[in-house]
Amino acid sequence: MAEQEKSSFVEQSLISVTVNGHFYEQQVPVRMLLSDFLRHELHLTGTHVGCEHGVCGCCTVLLNGEAVRSCLMFAVQANGMVLTTIEGMAGIHSELHPIQQAFQEKHGLQCGFCTPGIIMTVHAMLHEHPDPDEEEIRHELSGNLCRCTGYQHIVEAVKLAAERLREPYMEED
Ligand code: FES
Ligand code: FES
């Protein structure tokens with residue numbers, strides 16, 4: 001009996017995270033994946049889960065601005081950090097982020113399963129490299145698997161998004 005009680009005990013830990021501008025503080029099982037925390041505890045189901053072992057990139061989110069695979073982290077490892085998921089990309093009036101807008105215009109998605117992860121990867125990429133060439137774009141996207149598009153439209157969407165995101169800076173010159 002004592003052995004049974006011991007095996008059903010799930011160690012918990014208190015974490016605090018800021019996700020898409022909202023502060024959360026709650027107890028989580030120490031072995032809960034970050035992807036499961038986002039989807040099942042915060043109900044942010046825009047973060048998709050495909051392979052659950054770091055291959056497909058569907059679960060990519062921003063952690064302190066860097067693209068990470070949320071299926072490869074425990075929620076407790078995000079304690080004290082700032083996260084952005086696909087739900088945090090749209091503006092306050094629900095207008096699409098320029099990257100999302102470019103994907104829509106250039107038909108950068110079909111089924112959409114890979115799209116949230118790709119959008120987050122592109123967001124981090126364009127922050128680091130605002131003017132990537134096609135080779136760089138394809139290299140950066142190589143960690144995000146898409147079974148539908150053949151990538152060409154995704155690459156076109158990234159180019160358009162990069163151009164538009166650079167515009168404010170170009171106007172200042
Ligand atoms: S679900 Fe995380 S990389 Fe595939
Ligand atoms: S749009 Fe279907 S997997 Fe990428």
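Guide: Two strands are taken to pair if DSSP finds at least two bridges between them, and the model described here is a predicted one.

Visitor: In what order do the 5 strands of the open sheet lie?

Guide: The sheet has mixed pairing, and its edge strands, each pairing on one side only, are β2 (22-29) and β4 (66-69). Next to β2 comes β1 (residues 12-19), which pairs with β2 in the antiparallel sense over 8 bridges. Read across the sheet, the order is therefore β2-β1-β5-β3-β4.

Visitor: Which residues are linked with Glu 134 in a network of salt bridges?

Guide: Within helix α5 (residues 134-140), Glu 134 and Arg 138 lie 4 residues apart, about one turn of the helix, and their side chains meet in a salt bridge at 3.1 Å, N to O. Glu 134 also forms a salt bridge with Lys 159, the closest N and O atoms being 2.9 Å apart, and this pair links helix α5 to helix α6 across 25 residues. The residues linked with Glu 134 in the network are Arg 138, Glu 156 and Lys 159.

Visitor: Does Glu 105 count as buried, partly exposed or exposed?

Guide: Glu 105 meets Arg 164 in a salt bridge (2.9 Å, N to O), a pair that joins helix α3 to helix α6. Because buried means under 20% relative accessible area and exposed over 50%, Glu 105, at 38% relative accessibility, counts as partly exposed.

Notes: Residues are numbered from 1 along each chain as its sequence is written. Chains are lettered from A and ligands numbered from 1 in the order in which they are written. This is a predicted model: local features need pLDDT of at least 70, side-chain atom pairs count only at pLDDT 80 or more; totals for chains, interfaces and linings use all residues. Side-chain values use heavy atoms; hydrogens and water are left out. Helices (H or I, at least four residues) and strands (E, at least two) are DSSP runs, numbered from the N terminus. A salt bridge is a side-chain nitrogen of Lys or Arg within 4 Å of a carboxyl oxygen of Asp or Glu. Buried means under 20% relative accessible area, exposed over 50%, partly exposed in between (1.4 Å probe, protein chains only).
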